[in-house]
Amino acid sequence: MFRFLVRRVIGALVILLIISAVTFSLYYALPRDPARMACGKVCTPELLAQVRHNLGIADPLPVQYWHWLQGVFVGRDYGGLGNCNAPCLGFSFTNREPVLGTIMDRLPLTISLALGASVFFLIIGVGTGMIAAVKQGRAADKIASSFSLLGSSLQIYFVGYIAMYFLVQQLGLLEQPSYTPFTENPAKWAAGLLLPWLVLSIIFTANYTRMTRSQLVEQLSEDYVRTARAKGMSRRSVFFRFAWRGAMGPIVTIFGIDMGTLIGGAIITESVFSLQGLGRLALTAVDANDLPMLLGVTMVAAGAIVFANIIVDAVYALIDPRIRLA
Amino acid sequence: MTSTDQQAFLSVRDLKVHFSTEDGIVKAVDGLSFDLEKGKTLGIVGESGSGKSVTNLTILGLHDRHRTAIDGEILLDGKELTTARESELEKLRGNKMAMIFQDALASLSPYHTIGKQIGETYRKHTGASKSEARKRAIEMLRRVGIPQPDMRVDDYPHQFSGGMRQRAMIAMALVCDPELLIADEPTTALDVTVQAQIMDLLKDLQQEFGTAIVFITHDLGVIADIADDVLVMYGGRCVERGTKEEVLRTPQHPYTVGLLSSMPSLDGPVDVPLSPIPGSPPSLLNPPSGCRFHPRCTFAEKVPGGLCSTERPLLKVEAGRGSACHLTLDQRQEFFADLAATRH
């Protein structure tokens, strides 16, 4: 297991390196002059040259990338603009601050959104899927299947606004979405995020219901489930100890991907609910042509997805002993 | 099979197992009766879909209760199983009656160690502790001939070879010393040497514990090796039964004759071509009328009045020996002799 983790982490770093190189060359190759933006309204040609030098964008692209990479490990000095300690993901031209600081400010909200919603959609989705699998072909199964089809065809920018209009503005059942750090006030933290959680889980639950149902139905028809029954095991213990064990793997896989996506790309969700998370940060960075910020957010998002996958693989190996980790 | 009035250890009486499917009712087993005594082995022979596996899943009560209609009686040691409650069956399964399945890799859980799967059955029925169950699992693995059982007990099924997996499965089935063992083609997926070892193992264990064994197979060679009595199934019905010697040496039913002549024989001349039974197994959704074998039977036209396609031949049993055919025994003997003569 240890060797597996070391190898996967090294592999993940290589992937992140490639992503950074591709993103870097894409964005920095665009015909825009970050120095002009950083220079401000009153900008003389001398000042512009100075800023350009400070930002390090007078150099050819590979040298620039090398400097960026160096910054990640040893930090970087942006001359008169400021200092950026390692790990330095870049320096925002618009905020005039190191990129990572801003990202770390926004990350807790995005993580709260993802984790909170996942608790809801895992419990509801997997629970409904289990019931549907047990009551296979009967009324409960058909109702669950219809609802999950409905849920999976809904979109957040539709459900989100409708829910906000009715539940918050008309009925006043829920609070207007807002973010209070958990460490500050857990109750307010939960109350402010409840609506986004519920809306996200409506969308995601469907997927888990269908997945859990089909996996369990398949597992329940496996020969080893029949063997367990032939040994005298009850339906209940066969269901949880054998069928559910086998059904878990694919569900964990999808969950890992969803978590990565939720952390890396909550742009629409955060926009709908006016929450200032990582997604909104990426959006404003695009609007402001803040290329270092965009690169920084991309790297954090990519990191979330890559490491979620490592965790998924490790968990999968714990579930299924046939997968050898070496 | 006994003809005494005393109740046999396992007694199946006029068993009917019908499934309802979207296309109609499948008559998987349609009126089957047999008896089995302790310490004896009954071989059930038949093609795929002849109802042999369904019969045995029904004995254990492992059929899909929502889709299956059961009629008839299954008495195990005097206890009626078809009407028994699920909780009662759970106490019998793995304890008094156990089953060995064909594909040991698919039939063992890939997520649990061999030792755990064997021990689990033991704990369930005896209430033993974890360490006792583990000790018992090691003892069982040793008994079925797994080398270094105290090491292998912690292996997963995928770490075992095919023959070892089947041994582990037998160990699992026998862990509570069941009185009835149902073996559903346990050697079909194994190569011949391993097959022979497994059969020897079953025979040894039967001698030691006096287990009654129902051995399902389509391989008459296996039957010749292990069975005391034989029951030949076709299309959900029994077409012939008797002792192993009777059925294999002097078959009475055209289907049994067909099965025997589709098998190579070691002591016969090698240049005699095998003669397969023409046609394919009957559909159980729309079974042939009358005798279910008549569309494939060489002798059907010799019965006057097309009786074979209109009327079901009854199984006439005397002292455990019988067959279901409209031809008289003498007629059949004559036709079979002619058939054998033309082949040589």
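Let's start in the core. The largest nonpolar core of this predicted model holds 159 residues. Which of them touch the most other members? They are A:Val297, B:Leu141, B:Ala168, B:Met169, B:Ala171, B:Ala173 and B:Val232. The largest share of this core comes from helix H8 of chain A, residues 186-220, with 13 residues. As background, nonpolar side chains in soluble globular proteins tend to be buried together.

Take one name from that list, B:Ala173. What does B:Ala173 touch, leaving out residues up to four places away in sequence? The partners are B:Ala98, B:Met99, B:Ile100, B:Pro178 and B:Leu181.

Stay in chain B and go to B:Val214. You will find B:Val214 in strand S8 of chain B, residues 212-217. Buried or exposed? B:Val214 counts as buried, because 26 C-beta neighbours lie inside 10 Å, and the cut-off for buried is 20 or more. Beyond residues up to four places away in sequence, B:Val214 touches B:Leu36, B:Leu42, B:Ile44, B:Asn56 and B:Ile182. Now compare B:Val214 with B:Lys316. In sequence they are 102 residues apart. In space, C-alpha to C-alpha, they are 22 Å apart.

Over to chain A. Its secondary structure comes to 13 helices and two strands. Along the principal axes, the C-alpha atoms of chain A fill a box of roughly 85 × 55 × 35 Å. Chain A has 326 residues, and buried residues make up 38% of them. Look next at contacts in chain A between residues at least 6 apart in sequence. Of these, 66% join residues at least 24 apart.

One helix to pick out is H4 of chain A, residues 61-74. H4(A) has 14 residues. From first C-alpha to last, H4(A) reaches 20 Å, close to the 20 Å expected at 1.5 Å a residue. What comes just after H4(A)? There, A:Gly75 takes a positive phi of about 80°.

Last stop, where the chains meet.

To close, go back to two places on the screen. One is the core, with its 13 residues from helix H8 of chain A.

Conventions:
Residues numbered from 1 in each chain as written. Chains lettered and ligands numbered in written order. Predicted model: local features only at pLDDT ≥ 70, side-chain atom pairs only at ≥ 80, totals over all residues. Core = buried A, V, L, I, M, F, W, Y, C linked by C-beta atoms within 7 Å. Buried ≥ 20, exposed ≤ 12 C-beta atoms within 10 Å, placed from the backbone. Helix = DSSP H or I, 4+ residues; strand = E, 2+ residues; numbered from the N terminus. Contact = placed C-beta atoms within 7 Å. Expected span 1.5 Å × (residues − 1).
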